[in-house]
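Let's walk through this model together, beginning with the overall fold and then turning to a few local details. Keep the structure open beside the text as you read.

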Amino acid sequence: MARFILRKAEPKDVSDILRLIKELAKFEEMEEKVILTEKDLLEDGFGDHPFYHCLVAEVPEDQCSEGSTVIGFAMYYFTYDPWIGKLLYLEDFFVMHQYRGLGIGSHILKVLSETAVKTRCSSMHFIVAENNSKSIEFYKRRGAADLSSEEGWRLFEIDKKDLLKMSSQ
Amino acid sequence: MDFKLRKAEPADVSDILRLVKELAKHEEMEDQVLLTEKDLLEDGFGETPFYRCVLAEVQTETSRSKVVGFAMYYFTYDPWVGKQLYLEDFFIMEAYRGLGIGSELLRHLSDLAVTCRCTGMMFVVAENNEPSIRFYKRRGAEDLSKDEGWRVFRFDRDSLLRMATPTEE
């Protein structure tokens, strides 16, 4: 039975966090889209006002085949629903391939649920690609509702060039 | 008609709640607003603001100022590109539409996003809300749900509590 621990990320973890973000992006065939740097992650996550929070999963040194002991992470932040208040938003969630099926993902979700309840959040939100059926099943098994399907919400974005266009009008 | 935009202050929480409820009523969901003025005060004007608000104000005939519109937003984090501005609620009272207040609010938010070094602004729109979809698309917004197949998911409080409680194995 694999041993692992979950802990809050610290400033020294930013290189592992970036590595895992890139691994997840690679998994989605989008690795070149990651333009964030370790410096950004450090300033944005461990400065005066953290813009994100991170949990990292670690295995003992004798259990990792190469490099770092950090083999999974969850990145989240708090959002606000004007009807019910604080929400926990799960932004990224990834466990390295060779460490799957050991209960690490379930445990991360459990800790996040506890965090959400403790900070008096009404729910946890996240998005999933509609073709990612494995993840959809993982979440649905634990009670997640597909709001896009049930409530018809569509996620929109205005990117920087259009923001600049609007702000200079 | 002259109007001005300004940052919300603690004294504005009753107007914010009024407009949140008006928007909810507009979506036939007024009874779902459980938030109170006290919540809005603690959550928006405490040590860590969980949301921010910009208000639109007009001068009435009797020279009193009236809050007729608002935008509620907060900052989120995209692990590929960093900070984003998330537009949560955006509403102008019916009687004050068509005067350019909405456009000006969006322009103000775009300014803010660019100043805070956000790479984009995100928001959800109900798929049957065609006037809003057109308003946003005219300004360059992309429908990520359509273009990239993202679906919004949620774990509600019951599911969170269930996940957070240790299960028997």
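**A guided look at the two chains**

Of the 169 residues in chain A, 51% count as buried, where buried means under 20% relative accessible area, exposed means over 50%, and partly exposed lies in between (1.4 Å probe, protein chains only). This is a predicted model, in which local features need pLDDT of at least 70 and side-chain atom pairs count only at pLDDT 80 or more, while totals for chains, interfaces and linings use all residues. Residues are numbered from 1 along each chain as its sequence is written, chains are lettered from A and ligands numbered from 1 in the order in which they are written, and side-chain values use heavy atoms, with hydrogens and water left out.

Chain A has six helices and seven strands; these are DSSP runs numbered from the N terminus, with helices being H or I of at least four residues and strands being E of at least two. Starting at the N terminus, you can follow them in the order β-α-α-β-β-β-α-β-α-β-α-β-α. Among the contacts in chain A with a separation of 6 or more, 57% are between residues 24 or more positions apart, a contact being heavy atoms within 4.5 Å. The accessible surface of chain A is about 8500 Å², and 50% of it belongs to carbon and sulfur atoms; such areas come from the Shrake-Rupley method with a 1.4 Å probe, and for residues only the protein chains shown count as cover.

Now to the charged side chains. Side chains of opposite charge can pair when their charged atoms come close. Over all chains, the whole structure holds 16 salt bridges, each a side-chain nitrogen of Lys or Arg within 4 Å of a carboxyl oxygen of Asp or Glu. In one of them, A:Glu58 pairs with A:Arg7, and their closest N and O atoms are 3.1 Å apart. This pair links distant parts of the chain, as A:Glu58 sits in strand S2 (residues 53-58) of chain A and A:Arg7 in strand S1 (residues 5-8) of chain A, 51 residues apart. A:Glu58 is buried at a relative accessible area of 17%, and A:Arg7 is buried at 15%. A network of salt bridges links A:Arg7, A:Glu10, A:Lys12, A:Asp13 and A:Glu58.

Let's move to chain B. There, B:Glu57 forms a salt bridge with B:Lys4, with 3.8 Å between the closest N and O atoms. Here too distant parts of the chain are linked: B:Glu57 belongs to strand S2 (residues 52-59) of chain B and B:Lys4 to strand S1 (residues 3-7) of chain B, 53 residues apart. B:Glu57 is buried, with a relative accessible area of 10%, whereas B:Lys4 is partly exposed at 47%.

What about a pair within one helix? B:Lys38 forms a salt bridge with B:Glu42, their closest N and O atoms being 3.0 Å apart. About one helical turn separates B:Lys38 and B:Glu42, because they are four residues apart in helix H2 (residues 37-45) of chain B. B:Lys38 is exposed, with a relative accessible area of 58%, while B:Glu42 is partly exposed at 39%.

Finally, look at two loops. Most residues other than glycine have a negative phi. A:Arg120, although not a glycine, has a positive phi of about 60 degrees; A:Arg120 lies in the loop between helix H3 (104-118) and strand S5 (123-129) of chain A. In chain B, B:Arg117 has a positive phi near 60 degrees and lies in the loop between helix H3 (101-115) and strand S5 (120-126) of chain B.
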